Amino acid sequence: MSKNIEVIRLWQLPDDFFSLPREDQWLVMEKITSKANIITKPRQPCHISRSDDALAIMFFLVTLGLPFLVPGLVAAAVYSNSVPHIIGSIILSVFLALHPLPRGDWRRSRLALALIWYFSMEVLVDRDNPRCADMATSAVNDPSFTGKNLPMICLACPHGVFNYGAIIWCC
């Protein structure tokens with residue numbers, strides 16, 4: 001077992017993290033990174049504002065609830081035998097299926113921070129592993145890092161049908 005494991009407490013990222021210059025972002029990452037310690041009792045979740053909590057919950061409702069809602073609406077429209085409702089539900093289904101994903105870097109947004117705070121996200125990095133030694137440091141900007149270390153598959157918890165951990169990790 002490695003003795004050189006660090007924890008990156010992403011839940012301590014400041015509100016303006018993604019608007020900071022890249023050099024300042026690396027300084028913040030250094031500041032919220034420390035040696036990992038064995039925890040003897042459960043850690044308290046981080047503080048999250050009501051607006052960020054609502055943003056995270058709305059994201060969950062859209063990503064988890066909408067896929068279940070649309071088939072129900074289609075079934076209700078068919079059951080009601082109402083032609084306008086059937087046509088409307090088909091148009092809605094086609095629109096949602098063909099709607100493009102947002103352009104730009106949506107992962108580096110307020111939503112990303114809200115999800116990090118909602119899950120009190122922490123990342124453990126084994127610095128003794130040569131492939132992970134430079135993770136979450138400015139060394140990842142060096143072109144040799146990509147050729148030497150990628151592709152790599154990392155475990156991103158919480159993980160389930162929708163991998164919210166990976167969504168946060170990719171932020």
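Colleague: What follows α2, and what is its phi?

Modeller: α2 is followed by Asn 81, with a positive phi near 60°. Asn 81 is not a glycine, and it sits in the loop between α2 and α3. Helices here are DSSP runs of H or I of at least four residues, strands are runs of E of at least two, and both are numbered from the N terminus. This is a predicted model, in which local features need pLDDT of at least 70, side-chain atom pairs count only at pLDDT 80 or more, and totals for chains, interfaces and linings use all residues. Residues are numbered from 1 along each chain as its sequence is written, and side-chain values use heavy atoms, with hydrogens and water left out.

Colleague: Is Asn 81 buried or exposed?

Modeller: Asn 81 is exposed, at a relative accessible area of 66%. Buried means under 20% relative accessible area, exposed over 50%, and partly exposed in between, with a 1.4 Å probe and protein chains only.

Colleague: Which residues of α2 are buried?

Modeller: Asp 52, Ala 56, Phe 59, Phe 60, Val 70 and Ala 77.

Colleague: At what angle do α2 and α4 cross?

Modeller: The axes of α2 (residues 50–80) and α4 (residues 110–118) cross at roughly 95° and come within 9 Å. α2 is therefore roughly perpendicular to α4. Axes are lines fitted to C-alpha atoms, for helices over the stretch in contact, and angles run from 0 to 180 degrees between N-to-C directions. Angles under 35 degrees count as roughly parallel, over 145 as roughly antiparallel, 65 to 115 as roughly perpendicular and the rest as oblique.

Colleague: Which residues make that contact?

Modeller: From α2, the residues include Asp 52, Ala 56, Phe 59 and Phe 60, and from α4 they include Arg 110, Leu 111, Trp 117 and Tyr 118. Contact means heavy atoms within 4.5 Å. The contact residues divide into 10 nonpolar, no polar and 3 charged. Ala, Val, Leu, Ile, Met, Phe, Trp, Tyr, Cys and Pro count as nonpolar, Asp, Glu, Lys and Arg as charged, and the others, Gly among them, as polar.

Colleague: And the loop between α4 and β3. Is Ser 120 buried or exposed?

Modeller: Ser 120, which is found in that loop, is buried at 7% relative accessible area. Leaving aside residues up to four places away in sequence, Ser 120 touches Trp 11, Arg 43, Pro 45 and Cys 46. Phe 119 has its place in the loop between α4 and β3 too, but counts as partly exposed at 28%.

Colleague: Last one, how many helices and strands does the chain have?

Modeller: The protein chain has 6 helices and 3 strands, running β-α-β-α-α-α-β-α-α from the N terminus. Of its 171 residues, 26% count as buried.
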